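I opened the notebook to look up a loop residue, a ligand site, some charged pairs and a helix. The entries follow in the order in which I looked things up.

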Amino acid sequence: MIKFPKDFLWGAATSAPQTEGAALVDGKSPSTWDKWFELEPELFFDNVGPNDTSNVYYQYKEDVALMKKMSMNSYRTSIAWTRLLPDGKTLNPKAVKFYRDYFQEMKDNGVEPIVNLFHFDMPWWLMEKGGWEARESVDHFAFYAKTAYEQFGDIVKTWATFNEPLVHIECGYMGDAHYPKVYDFKRAIQVGYHTLLAHALAVKAYRENPNNAGQVGTILNLSPVYPKSNNEEDVKAGKIADLIYIRSFLDTTVHGYFPDELIEIFRENSLLPVTEEGDRQIFEENTVDFIGCNYYQPLRVQAPKNPHFPATSPGAFSSYYDWPEKEINPHRGWEIYPQGMYDIAMRLKNDYRNIPWYISENGMGVSEEERFMDENGVVQDTYRIEFLENHLTKLSEAINDGSNCFGYHMWTFSDCWSWLNAYKNRYGFYRVNREDDYKRSDKTSSYWFKSVIENGGFEKTDDSNN
Ligand code: BGP
């Protein structure tokens, strides 16, 4: 039997822009996603945009009832900045009502809300001023955070500042999966710096108000880095990738400072961001209470194929390594590697003062899941159960080895909109039948997970191979 601690948090995660819909309704202003869809709808799978997601703005009660049915004790979503403060300054009473009702509905049904402030959804008005590249964004964010705590802090006791800050930096400034889709490492570093500073100021805002008696943390995508081999060049590449993708976020938010080695690399290559006096102290004084770890896949690297200096991209320091033995989820193209969950759990224990943390996302996106629907309309997602079993087994090993993990959240609860991929890949415990008034229907993983929650664990089946 794989057993978990008694008060373990069991639940699922999502975000406002991926579920709510009602993108420009009741006073909400556009985010970069709303505007980008207006400008280039053809980039979005099946032309489905953020105005047409899972209708949670109107159907949240239905979802919360299903959470209760599954015996879940916690759930993470985010607040849309553009709904709460459409112009960055003026409180939107309809947003206050919606979120208060939604979070209270969870509470009333035994589901603890974990609320995140930023899930890739930069307000358009702020993007027009430069987004996270502009220093003023950090003060706007701190004001938004303070407002959210004031409006919902009596109901919500666990707050996260950002979801996966690496992603809007990397996909927006070193790739084309997020707006403004430019490729510029130096600008990306500035965006990263302001994001982390905004995070620290949001932590500060929480602690400054004595009425805030809960926890504040952040949610990072932590993909453990594995070099191709033990040869010196590969190991060095691994070390730098780890500095850029993991330590720049974890050291700053947990320890309160940027790693010296990273500062040195940026200095040598004229990549240092613009900072202001006093910033260092803000980082030092505002470390987190907990970490949420989103774990999907590891990061495998090797010595850079085409080293070129001065560095214009992280590719100058390491190259991606395609491990021939990897198991892959072909729908998303992501490696499946449960051992990575154990390794990151032990890293948090050993290098990050065994800080309290939880798995805030882990899951498997599969396309055309209607193929697996049985005659009763239930999606037989046995592949998802196997995925969960294998990851939870590794997580329980890490807990037994002393890692301070307090929960597990699956991505996601009911199928949701996945950015440019829209509804291509489905991740939920429940199917969202968009063509049938967004009705929710069961997948077998929801029955399996309910029994795990109720039994505090599960009996491992023979055919799972980890
Ligand atoms: C994480 C994000 C989520 C979610 C998930 C699945 O990186 O926090 O927002 O989307 O990944 O990825 P995708 O939707 O790209 O398939």
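I started with Ser414, which I found in the loop between strand 15 (405-411) and strand 16 (425-426); helices (H or I, at least four residues) and strands (E, at least two) are DSSP runs, numbered from the N terminus. I noted that this is a predicted model, in which local features need pLDDT of at least 70 and side-chain atom pairs count only at pLDDT 80 or more, while totals for chains, interfaces and linings use all residues. Residues are numbered from 1 along each chain as its sequence is written, and side-chain values use heavy atoms, with hydrogens and water left out.

Is Ser414 buried or exposed? With a relative accessible area of 3%, Ser414 is buried, where buried means under 20% relative accessible area, exposed over 50% and partly exposed in between (1.4 Å probe, protein chains only). Leaving aside residues up to four places away in sequence, I listed Asp63, Gly428, Tyr430, Val432 and Arg440 as touched by Ser414, contact meaning heavy atoms within 4.5 Å. With the side chain of Asp63, the Ser414 side chain makes a polar contact of 3.1 Å; such a contact is a pair of N or O atoms within 3.5 Å, and within protein one must be able to donate a hydrogen and the other to accept it, with residues adjacent in sequence counting only if both atoms are side-chain atoms.

Next I looked up the ligand, which 14 residues surround, the closest being Gln18, Glu164, Arg332, Ser418 and Tyr427 (a residue is near a molecule or strand if one of its heavy atoms lies within 4 Å of it). A polar side-chain atom of Glu164 lies 2.5 Å from a ligand oxygen atom, one of Ser418 lies 2.6 Å from an oxygen atom of the ligand, and for the side chain of Asn163 I noted 2.9 Å between an N or O atom and a ligand oxygen. Of the 370 Å² of accessible area that the ligand has on its own, the protein covers 93%; the areas come from the Shrake-Rupley method with a 1.4 Å probe, and for residues only the protein chains shown count as cover.

How many salt bridges does the structure hold? I recorded 35, a salt bridge being a side-chain nitrogen of Lys or Arg within 4 Å of a carboxyl oxygen of Asp or Glu. Asp34 and Lys28 form one of them at 2.8 Å, N to O, and both count as buried, Asp34 at 10% relative accessibility and Lys28 at 11%. In the pair of Glu112 and Lys107, the closest N and O atoms are 3.2 Å apart; here Glu112 is partly exposed at 25%, and Lys107 is partly exposed at 30%. Asp242 and Arg347 also meet in a salt bridge, at 2.8 Å, N to O. This pair links distant parts of the chain, with Asp242 in helix 10 (residues 232-255) and Arg347 in helix 13 (residues 339-351), 105 residues apart. I also found a network of salt bridges that links Glu369, Asp381, Arg384, Asp415, Arg426 and Lys443.
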